[in-house]
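Please read the points below with the model open beside them. They take up single residues, strand pairing and helix packing in turn.

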Amino acid sequence: MNSPFHIEEIYSDDGSNALRMPRRQVGNSPQGFAMTLLADYTLRTRAALPSAAIVALLTESGVTTAGARTAISRLARRGVLEGSRHGRRSSYRLSRAAAANLSSGGNWILTSTTTAAPWDGCWTIVAFSLPQDHSTQRRALRSQLRWLGYAPLYDGLWISPYELTPRARAQLEQLTLGTVTVFRGHQNALGSTSDRAPIEAWDIDAITRQYAAFLDRWTSLLPLVGAGQVDGAAAVRARTEVMDTFRRFPTLDPQLPVELLPAGWLRQPARDLFAAVYDGLAHPAEQHVRAVVGRFTDSAPLGIRAHTTADLIAGVRGAAGTTSAASAPPAEWETPDPTVDCDEVTAGSRPS
């Protein structure tokens, strides 16, 4: 599903942090698939998976072998993954920073797609002015505003129906250095054809099409999920894809007030469908991941657990600092040398 927004406005990668999450591409990227896969089954324990197993799982989802190896290597360079090598075998796990980021993100995805609270009719307006040669700062600010649920009504004037929270204020202060002014108040409508409603900052028709495409894609699978007819690689693939697609909605539709939206808004039906597929496939997908990982380890795979939407809402970060019994001692873990192959076990070739 293509986003109606420019992707650089949605996903920030300004290089200011040691952890650099991959920028989301239009469609499903190998890095996005790999990150979703590891988060879905190892976020709570940060269990280590053999790189050969990660490659095998990704190829089952349609990623090429070379693409899977490259994705692992790039995630390691970004600090998303930590690697360890035992002889010719390499294993990877989520870094602490990535686990915390993904846990927070999972909670945000679910809480941001619930029905919005009653709206007080006020808008928060963020006005900024940056010289054209400050493109990096401008891009970072636009990206941060998009993440905070704002949209551009005009160039340099972004709006949201909700209050600027203290946390959001602190994030903006780190980026703007006195170039931003924030207001909150009611719209004073002109009552003429030249008047532009603030809700027009969001492309409501485009968002509706995104929801409709999501429902069309996944509704037909629901009876099969309920009947237990989706298992193995198909369960893992569907669960990864439905998460990788649904998590775009909180940015497209940041709990916009229902008072301003067309009747029959599809936010809740899409959320219900996502939960039914994601939770309904949790058990067969977990069993398949265990089976694949078991082919590349000398002992029973530990620390693999598929979390559900309830886990995401509750927060799965609490145990993210623990490791499974099969993991290497902490001192052996590091971000690998990017010139070293992420998986020498499989044919010994390097990622392209």
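**Notes on the predicted model**

1. His288 counts as buried, because its relative accessibility is 15%; buried means under 20% relative accessible area, exposed over 50% and partly exposed in between, with a 1.4 Å probe and protein chains only. His288 sits in helix H13, residues 282-294. Helices (H or I, at least four residues) and strands (E, at least two) are DSSP runs, numbered from the N terminus. With neighbours within four places in sequence left aside, the contacts of His288 are Leu57, Glu60, Gly232, Ala233 and Val236; a contact means heavy atoms within 4.5 Å.

2. On provenance, this is a predicted model, in which local features need pLDDT of at least 70 and side-chain atom pairs count only at pLDDT 80 or more, while totals for chains, interfaces and linings use all residues. Residues are numbered from 1 along each chain as its sequence is written, and side-chain values use heavy atoms, with hydrogens and water left out.

3. The overall figures are as follows. The chain has 14 helices and seven strands. Of its 352 residues, 49% count as buried. Among contacts in the chain with a separation of 6 or more, 79% are between residues 24 or more positions apart. The accessible surface of the chain is about 15900 Å², and carbon and sulfur atoms account for 52% of that; the areas come from the Shrake-Rupley method with a 1.4 Å probe, and for residues only the protein chains shown count as cover.

4. Which strands make up the open sheet of four, and in what order? The order is E5-E6-E4-E7, and the pairing is antiparallel. Strand E5 (151-154) and strand E7 (180-185) are the edge strands, each pairing on one side only. From one strand to the next the twist averages 30°. Two strands pair if DSSP finds at least two bridges between them. E5 and strand E6 (residues 157-160) have three bridges in the antiparallel sense, and Ala151 has Ile159 in E6 as its bridge partner.

5. Helix H6 (residues 135-147) lies across strand E4 (123-128), E5, E6 and E7, and runs at about 175° to E4. Axes here are lines fitted to C-alpha atoms, for helices over the stretch in contact, and angles run from 0 to 180 degrees between N-to-C directions.

6. Strand E3 (residues 89-94) is mostly covered, with five of its six residues buried. E3 runs antiparallel to strand E1 (residues 49-50), to which two bridges join it. E3 also runs antiparallel to strand E2 (residues 81-86), through six bridges. Tyr92 in E3 is the bridge partner of Leu49 and also of Gly83. The hairpin of E2 and E3 has two residues between the strands, and Gly87 in that hairpin takes a positive phi near 65°.

7. Arg46 has a positive phi near 55° and is placed in the loop between helix H2 (30-42) and E1. Arg46 counts as buried because its relative accessibility is 1%. Gln255 also has a positive phi, of about 55°, and lies in the loop between helix H11 (249-252) and H12. At 22% relative accessibility, Gln255 counts as partly exposed.

8. Helix H10 (residues 232-246) packs against helix H12 (residues 267-280) at an angle of about 155°, and the axes are 9 Å apart. H10 is therefore roughly antiparallel to H12; angles under 35 degrees count as roughly parallel, over 145 as roughly antiparallel, 65 to 115 as roughly perpendicular and the rest as oblique. The crossing of H10 past H12 is left-handed, meaning that the near helix is turned anticlockwise from the far one by less than a right angle, whereas clockwise would be right-handed. Arg239, Val242, Met243 and Phe246 in H10 meet Ala270, Arg271, Phe274, Val277 and Tyr278 in H12.

9. Is Asp244 buried or exposed? Asp244 is buried, because its relative accessible area is 2%. Asp244 belongs to helix H10. The C-alpha atoms of Asp244 and Thr36 are separated by 6.8 Å, although the two residues are 208 residues apart along the chain.
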